[in-house]
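I opened my notebook today to get to know a new structure. Here is what I looked up, entry by entry.

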Amino acid sequence: MKTVLFKDLRIKQLSVLLISSFIIISCGSSKNVTAKKNSGTKTITKSENLRKLDSKFDGKVSKSINELLGDAEKYLGAPYKFGGNTSSGFDCSGFAVKVFEENDFKLPRRSSDQAETGNKIDIKEVKPGDLLFFATAGGSRVSHVGIVHDIGNDGEVKFIHASTSKGVIISSLNETYWNKAYLHAQRVL
């Protein structure tokens with residue numbers, strides 16, 4: 001009897017470990033990224049480069065984008081749930097799917113597939129409603145998505161997303177973690 005209970009416990013522990021590892025890889029850990037300037041000696045980090053962003057956003061947001069962002073904001077504080085796409089819990093791509101679905105636009109379920117939808121745009125071109133993609137597990141594989149929420153007068157890009165640690169929140173691309181993990185932006189609307 002003790003052997004059976006011990007095996008059940010080990011299987012449960014292994015399952016929890018595997019699920020936890022997958023969550024961390026899908027929307028969690030960061031990587032270091034730098035880009036060398038052609039001058040040879042000075043290295044400019046990606047975060048310094050994005051913080052000096054000269055946004056071309058004019059501040060005007062259409063009614064449909066405002067409605068989309070309003071739908072996203074109503075989920076602020078919803079918990080993270082792997083595979084979730086309801087207010088009881090979201091993962092990053094499930095959150096994007098739900099918000100866009102509520103606004104009559106269908107996105108693929110996986111963030112890596114969402115990253116192929118629409119048109120790739122330069123970070124200087126982003127506006128609210130665009131999607132930002134990140135490699136939170138290192139490398140260059142898309143593993144996280146957020147929806148551009150607003151762009152400050154100083155060019156700071158804020159995005160709404162489902163984070164593994166805090167659920168649905170608004171974050172800034174100026175935060176070192178997100179800045180280092182940033183890959184590219186897509187316009188789907």
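Before the sheet, I noted my terms: two strands pair if DSSP finds at least two bridges between them. Helices (H or I, at least four residues) and strands (E, at least two) are DSSP runs, numbered from the N terminus.

I also noted that this is a predicted model, in which local features need pLDDT of at least 70 and side-chain atom pairs count only at pLDDT 80 or more, while totals for chains, interfaces and linings use all residues. Residues are numbered from 1 along each chain as its sequence is written, and side-chain values use heavy atoms, with hydrogens and water left out.

**Entry: the sheet**

I looked up the strand order and found an open sheet of six strands, β5-β10-β6-β7-β8-β9, with antiparallel pairing. Strands β5 (119-121) and β9 (167-172) stand at the edges with a single partner strand each, so one side of each has no neighbour in the sheet. On average, neighbouring strands are turned by 35° against each other, direction ignored. For such angles, axes are lines fitted to C-alpha atoms (for helices over the stretch in contact), and angles run from 0 to 180 degrees between N-to-C directions.

I found Asp150 with Lys158 in β8 as its bridge partner.

**Entry: helices on the sheet**

I count a contact when heavy atoms are within 4.5 Å. Which strands does helix α3 touch? Helix α3 (residues 63-73) packs on the sheet against β7 and β8, its direction making about 120° with that of β7. Helix α4 (residues 92-101) lies across β6 (131-134), β7, β8 and β9, and runs at about 55° to β7.

**Entry: Thr117**

I found Thr117 in the loop between α5 (111-114) and β5. Is Thr117 buried or exposed? Thr117 is buried, at 18% relative accessible area; buried means under 20%, exposed over 50%, and partly exposed in between (1.4 Å probe, protein chains only). A polar atom of the Thr117 side chain lies 3.3 Å from the backbone oxygen of Asp113. Leaving out residues up to four places away in sequence, I saw that Thr117 touches Leu107, Pro108, Gln186, Arg187 and Val188.

**Entry: salt bridges**

Side chains of opposite charge can pair when their charged atoms come close. I count a salt bridge when a side-chain nitrogen of Lys or Arg is within 4 Å of a carboxyl oxygen of Asp or Glu. How many salt bridges does the structure hold? It holds six.

I followed Lys74, which is exposed at 52% relative accessibility. One partner of Lys74 is Asp71 (3.7 Å, N to O), and Asp71 is buried at 18%. Lys74 also forms a salt bridge with Glu102, with the closest N and O atoms 3.3 Å apart. Lys74 is in the loop between α3 and β3 (85-86) and Glu102 in the loop between α4 and α5, so this pair ties together parts 28 residues apart in sequence.

Then I looked at Asp91 and Arg109, whose closest N and O atoms are 3.1 Å apart in their salt bridge. Asp91 sits in the loop between β4 (89-90) and α4, Arg109 in the loop between α4 and α5, 18 residues apart. Asp91 is buried at 7% relative accessible area, whereas Arg109 is partly exposed at 31%.

Technical notes: Polar contact = N/O pair within 3.5 Å; in protein donor to acceptor, adjacent residues only side chain to side chain.
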